[in-house]
Amino acid sequence: DSLPVKKRSLFISKALSGYVLILIPVFLCSLSLAITALISGNTDFVLRVFVNFGYSALVLLAISSFSLIFVVSASSVFDFLVSFFAVNGGLIIIAVIAESLCEEFLGGYSEGFFGEMLKAVSPFIYEFGAFYTLVFTKKITVTVLSFIIKSLILILASSLFSLILFKYRK
């Protein structure tokens, strides 16, 4: 005899446990790096470690939430892989087509905008590109707030969409 569990609670508990399992190793690595920095006397580095942990957590949650859509909608591992790579490959193809159309029909359009177009259509490229910019360059501007807001929107939208798919799947 098992207790009745609603699909929504089952989905939320499984998704949250997955997120926690992803974040624990990243947190432990960040903590060990911070402790090592403290022991070596590099206290300025400790704050940067935890800021980068925050960025990493947002990236991991956003990517996991987006990937969850494919996990929920797939009936097998093969379906998951095909849909995951087809959608992400399709997003890149859309960016290539849009970029070539812009080059053809927009005067003054330069090829340097292609990276920005890829960031606009692919959540993976946006998250990792923004993470790289924030962590490895010294640009601390409105980009940080924009990154946080866009990541949170991606996390919420993907999780909500996954929940809806999970609720109505047979």
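Predicted model: local features only at pLDDT ≥ 70, side-chain atom pairs only at ≥ 80, totals over all residues.
View 1. Residues are numbered from 1 along each chain as its sequence is written, and side-chain values use heavy atoms, with hydrogens and water left out. Ile-35 belongs to helix α1.

**View 2. The whole chain.** The protein chain has six helices and zero strands; helices (H or I, at least four residues) and strands (E, at least two) are DSSP runs, numbered from the N terminus. Along the sequence the pattern reads α-α-α-α-α-α. Of the 170 residues, 33% count as buried. Among contacts (heavy atoms within 4.5 Å) between residues at least 6 apart in sequence, 64% join residues at least 24 apart.

**View 3. Helices α1 and α2.** Two packed helices are described by the angle between their axes and the distance between the axes. Helix α1 covers residues 7-39, and it packs against α2 at an angle of about 160° with the axes 9 Å apart. The axes are lines fitted to C-alpha atoms, for helices over the stretch in contact, and angles run from 0 to 180 degrees between N-to-C directions. The two helices are therefore roughly antiparallel: angles over 145 degrees have that name, those under 35 are roughly parallel, 65 to 115 roughly perpendicular and the rest oblique. The residues of this contact divide into 22 nonpolar, five polar and no charged. Ala, Val, Leu, Ile, Met, Phe, Trp, Tyr, Cys and Pro count as nonpolar, Asp, Glu, Lys and Arg as charged, and the others, Gly among them, as polar.

**View 4. Ser-64 in helix α2.** Ser-64 is found in helix α2, which spans residues 43-73. Its relative accessibility is 17%, so Ser-64 counts as buried. Apart from neighbours within four places in sequence, Ser-64 is in contact with Tyr-19 and Ile-22.

**View 5. Tyr-55 and Phe-147.** A search of the whole structure finds four aromatic pairs. Rings of Phe, Tyr and Trp (its six-membered ring) pair if their centres lie within 6.5 Å; planes under 30 degrees apart are stacked, over 60 edge-to-face and the rest tilted. The ring centres of Tyr-55 and Phe-147 are 5.8 Å apart and the planes stand at 85°, so this pair is edge-to-face. The pair links distant parts of the chain, with Tyr-55 in helix α2 and Phe-147 in helix α6 (residues 142-168), 92 residues apart. Both Tyr-55 and Phe-147 are buried.

**View 6. Phe-66 and Phe-70.** These two residues also form an edge-to-face aromatic pair, with 5.5 Å from centre to centre and 80° between the planes. Phe-66 and Phe-70 both lie in helix α2, four residues or about one turn of the helix apart. Phe-66 is buried at 11% relative accessibility, and Phe-70 is buried with a relative accessible area of 6%.

**View 7. Val-121 in helix α4.** Val-121 lies in helix α4, residues 114-121. At 25% relative accessibility, Val-121 counts as partly exposed. Leaving out neighbours within four places in sequence, Val-121 is in contact with Leu-91 and Ala-95. The C-alpha atoms of Val-121 and Ile-94 are separated by 7.9 Å, and the two residues are 27 apart along the chain.

Technical notes:
Buried < 20%, exposed > 50% of the residue type's maximum accessible area, 1.4 Å probe, protein only.
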